[in-house]
Amino acid sequence: MKNQFSRQDYERIAAFIAERTRYRPRVAMVLGSGLSPLADAVANADSLPYAEIPDFPLSSVIGHAGCLVIGELAGREVMIMQGRVHYYEGYPLEQITLPLRVMRAFGIDTLILTNAAGGLNPAYQPGDVMLIEDQINLVGMIGHNPLMGPNDAALGPRFPNLSDLYDRGLRQLALSVAAAQGLTLHRGVYVGLAGPAFETPAEVRFLRMIGGDATGMSTTNEAVTARHSGMRVLGFSGISNAAIAAIDTDQEASHEEVLAAGALITPRLIALLQGMLARWDEAASP
Ligand code: HPA
């Protein structure tokens with residue numbers, strides 16, 4: 001499998017997708033574990049299985065459908081990645097971030113990331129939704145950053161600024177829509193880990209100490225790559241479980257629990273995202 005890509009590859013794959021859909025959306029979303037049903041809310045969809053898209057990575061994880069769904073949500077054109085691949089599946093970061101580069105070449109300028117995450121903040125309950133205000137890319141900080149390697153300046157800067165990684169205008173719109181819907185939307189810091197093992201209690205206490213509110217095994221690499229390419233980025237964590245911070249509690253973390261919480265989180269996120277799209281013009285364009 002190819003794992004070194006150039007701008008020509010991104011443009012080639014974007015052109016392939018453009019031939020398969022009548023839509024030209026500028027907003028894209030990535031759906032995390034258990035959140036796939038959100039794509040069912042898309043009207044008049046053109047669906048492309050990842051397996052049919054050249055060089056697209058295929059997820060091996062239950063709960064990740066592997067389909068690009070392009071259509072209308074709340075009257076606005078959107079591109080939805082129903083399922084994603086993760087670092088723990090063994091994919092190199094070039095593969096994990098390929099779909100984002102392709103989206104940018106396609107014309108996407110705003111990316112909304114969603115994930116299922118463990119709640120580090122003791123105030124969070126399974127089923128809650130957190131607006132990602134900022135992130136700690138722990139995997140990137142120890143030397144696995146998706147932007148390592150040669151930099152094509154036509155794609156983005158060598159040393160991108162990330163002080164505004166999650167877009168302020170979009171975050172404000174999300175909070176305003178949530179307030180209007182009576183949805184409690186936490187605001188917090190997402191910590192990106194490699195996984196696939198869940199954290200030990202000592203690791204959970206460490207992640208709390210460094211300022212994390214929620215943690216999971218995705219999102220941070222995608223956010224960095226999308227921002228590098230000039231996209232506006234927004235992110236939501238669906239809290240699927242409380243990360244276990246003490247030993248000898250008899251509590252356990254499981255993927256089943258993560259998928260089950262999706263049933264609570266999905267309708268909340270659908271309403272929030274539809275509400276945002278309906279008021280989209282309030283968030284200034286990039
Ligand atoms: N830890 C890491 N990743 C996760 C968790 C968790 O508790 N829940 C869902 N994804």
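# Reading a predicted fold

Mentor: Let us open with D248, which is exposed, having a relative accessible area of 73%, where exposed means over 50%, buried under 20% and partly exposed in between (1.4 Å probe, protein chains only). This is a predicted model, in which local features need pLDDT of at least 70 and side-chain atom pairs count only at pLDDT 80 or more, while totals for chains, interfaces and linings use all residues. Residues are numbered from 1 along each chain as its sequence is written, and side-chain values use heavy atoms, with hydrogens and water left out.

Trainee: Where is D248 placed, and what is its phi?

Mentor: D248 lies in the loop between strand 9 (232-242) and helix 7 (255-278), with helices (H or I, at least four residues) and strands (E, at least two) being DSSP runs numbered from the N terminus. Although D248 is not a glycine, its phi is positive, at about 60°. D55, in the loop between strand 2 (43-49) and strand 3 (67-73), also has a positive phi without being a glycine, near 65°, and at 25% relative accessibility D55 counts as partly exposed.

Trainee: How many helices and strands does the protein chain have?

Mentor: The protein chain has seven helices and nine strands. Its radius of gyration, taken over C-alpha atoms, is 18 Å, close to the 19 Å that the globule rule gives for 286 residues, so the protein chain is as compact as a globular protein of that length; the rule itself is 2.2 Å times the number of residues to the power 0.38. The C-alpha trace spans about 55 × 40 × 35 Å along its principal axes, and 54% of the 286 residues are buried. With contact taken as heavy atoms within 4.5 Å, residues 24 or more positions apart account for 83% of the contacts with a separation of 6 or more.

Trainee: How many residues of helix 6 are buried?

Mentor: Eight of the nine residues of helix 6 (residues 220-228) are buried, so this helix is mostly covered; among them are E222, V224 and H228. These buried residues pack against several elements, including strand 1, helix 2 (93-106), strand 5 (110-119) and strand 6 (129-137). After helix 6 comes G230, whose phi is positive, near 95°.

Trainee: Is T21 buried or exposed, and which residues is T21 in contact with beyond its sequence neighbours?

Mentor: T21, in the loop between helix 1 (7-20) and strand 1 (27-31), is buried, with a relative accessible area of 6%. Leaving aside neighbours within four places in sequence, T21 is in contact with D46, I70 and F106. The side chain of T21 also reaches the backbone nitrogen of Y23 at 3.0 Å.

Trainee: What about A41, and how far apart are A41 and A74 in space?

Mentor: A41 is in the loop between strand 1 and strand 2 and counts as partly exposed at 29% relative accessibility. A41 and A74 are 33 residues apart in sequence and 9.2 Å apart in space, C-alpha to C-alpha. When neighbours within four places in sequence are set aside, A41 is in contact with E72, L73, I270 and Q274.

Methods: Polar contact = N/O pair within 3.5 Å; in protein donor to acceptor, adjacent residues only side chain to side chain.
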